Amino acid sequence: MIQFRIFLSLVTFLLVQNLEAQVLKKRTTLLMGGRFDISIVAQDTTTAVQSIDEVVAEITRIENLISDWKPTSQVSEVNQNAGIRPVKVDKEVFELTQRALELSKITKGAFDISFAAMDRIWKFDGSMTEMPTAEAIQKSVEKVGYENIILDSLESTIYLKVKGMKIGFGALGEGYATDKCRAMMLSKGIPAGIINGSGDMSTWGTQPNGKPWNIGITNPFRPEKIMSIVPLRQEAVTTSGSYEKYVVFDGKRYSHIINPLTGYPATGLCSVTIIGPNAETANGLSTSIMVLGQKDGLQLLKRYPYYSGILILDTGTTIKTSNFKKMRKSSFLQLK
């Protein structure tokens with residue numbers, strides 16, 4: 001019995017010693033047109049700093065492939081040749097486009113990878129003084145339409161049928177980048193971290209003290225209070241919201257999230273937070289649900305059983321998906 005107690009004490013000591021040996025290093029930088037917060041847990045400072053450098057290099061690599069505003073990227077080449085010819089792209093770019101196109105089909109255009117061709121007639125910088133005309137709104141989306149994107153898997157080419165069309169990944173690309181960096185760090189034996197790309201967050205492992213990464217979710221109507229604290233293991237969380245950028249005309253609020261089908265701002269939901277295995281899918285779902293609205297959005301989410309969510313309506317009402325509590329409890333118990 002005494003020997004067992006000594007053994008147990010030794011194990012406890014070694015575990016505590018190992019936890020204390022870990023260091024947490026953080027860096028904030030601008031990449032992909034937005035802010036990235038990178039947190040890495042490693043056995044020593046040198047490894048942590050080097051790992052952050054590797055994450056930054058990987059995000060930069062992805063940005064140079066898929067950015068639709070860098071003229072030398074493969075996606076820009078696709079856009080420049082819209083209505084002219086197919087463009088051969090790397091397998092990575094092709095498969096990302098393929099997944100985005102599939103989501104466009106599933107949501108029937110509520111999410112549309114060709115939204116990049118939309119005319120930016122809505123301004124949310126305070127310069128708008130009146131509503132755009134119905135004609136201008138209709139014209140703004142005339143070159144948007146995922147049906148006109150042709151993929152050739154044998155040749156690994158992307159072709160946009162209509163001249164002036166564009167594809168763009170936006171925040172979906174940031175989610176993809178955070179997922180890729182997490183996978184890279186795991187393959188290198190880095191025990192834990194968070195890659196946060198403008199709110200698209202991929203996590204793995206635990207904090208140096210052994211506790212889970214706790215992510216606070218706030219209600220935009222009560223920003224001073226945290227509505228939910230979500231413990232995460234190897235999961236991702238993304239939030240799409242209309243509460244920061246909007247305009248008001250005749251007492252009606254118009255948000256910056258535009259419905260690609262109509263050209264009008266999405267209404268009904270103020271915020272959508274999605275939690276699941278990867279940030280790319282979570283971002284696609286949160287964006288789609290903002291456009292689809294509560295009823296159709298919840299129906300969409302049923303197709304993705306490993307994802308749960310919190311929806312906040314324009315009225316302030318909060319709705320959690322039926323699997324939210326079950327999945328959070330399961331996640332917490334696994335962490336314990």
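This report walks through a predicted protein model, from its overall form to single residues.

## Ground rules

Because the model is predicted, local features need pLDDT of at least 70 and side-chain atom pairs count only at pLDDT 80 or more, while totals for chains, interfaces and linings use all residues. Residues are numbered from 1 along each chain as its sequence is written, and side-chain values use heavy atoms, without hydrogens and water.

## Overall form

The protein has nine helices and 15 strands. Both are DSSP runs, numbered from the N terminus: helices are H or I with at least four residues, strands are E with at least two. The radius of gyration is 22 Å, close to the 20 Å that the globule rule gives for 336 residues, so the protein is as compact as a globular protein of that length. (The radius is taken over C-alpha atoms; the rule is 2.2 Å times the number of residues to the power 0.38.) Along its principal axes, the C-alpha trace spans about 85 × 45 × 35 Å.

How many of the 336 residues count as buried? The share is 48%. Buried means under 20% relative accessible area, exposed means over 50%, and partly exposed lies in between, with a 1.4 Å probe and protein chains only. Residues 24 or more positions apart account for 61% of them.

## The nonpolar cores

A nonpolar core is a set of buried Ala, Val, Leu, Ile, Met, Phe, Trp, Tyr and Cys residues joined through side-chain atoms within 4.5 Å. The largest one here has 61 residues. Ile 66 and Ile 149 touch the most other members. Helix H2 (residues 45–66) gives the largest share of this core, eight residues. Apart from this core lies another, of 14 residues, among them Ile 194, Trp 213, Val 237 and Ile 312. In soluble globular proteins, nonpolar side chains tend to be buried together.

## Helix H7

Helix H7 covers residues 279–292. Its 14 residues reach 19 Å from first C-alpha to last, close to the expected 20 Å. That expected span is 1.5 Å times one less than the number of residues. Eleven of the 14 residues are buried, so H7 is largely enclosed by the rest of the structure. Among them are Leu 285, Ile 289 and Val 291.

What caps the N-terminal end of H7? Asn 278 does: a side-chain oxygen lies 3.2 Å from the backbone nitrogen of Glu 280. After the helix comes Gly 293, whose phi is positive, near 90°.

## Two loop residues

Ile 190 lies in the loop between helix H6 (170–187) and strand S6 (192–197). Is Ile 190 buried or exposed? Ile 190 is buried, with a relative accessible area of 6%. Leaving aside neighbours within four places in sequence, Ile 190 contacts Ile 40, Val 41, Thr 47, Ser 51, Met 185 and Trp 204.

Thr 321 sits in the loop between strand S15 (318–320) and helix H9 (324–335). Thr 321 is buried too, at 11%. The side chain of Thr 321 makes a polar contact with the side chain of Asn 323 (2.8 Å). A polar contact is a pair of N or O atoms within 3.5 Å; within protein, one must be able to donate a hydrogen and the other to accept it, and residues adjacent in sequence count only if both atoms are side-chain atoms.

Definitions and conventions:
Contact = heavy atoms within 4.5 Å.
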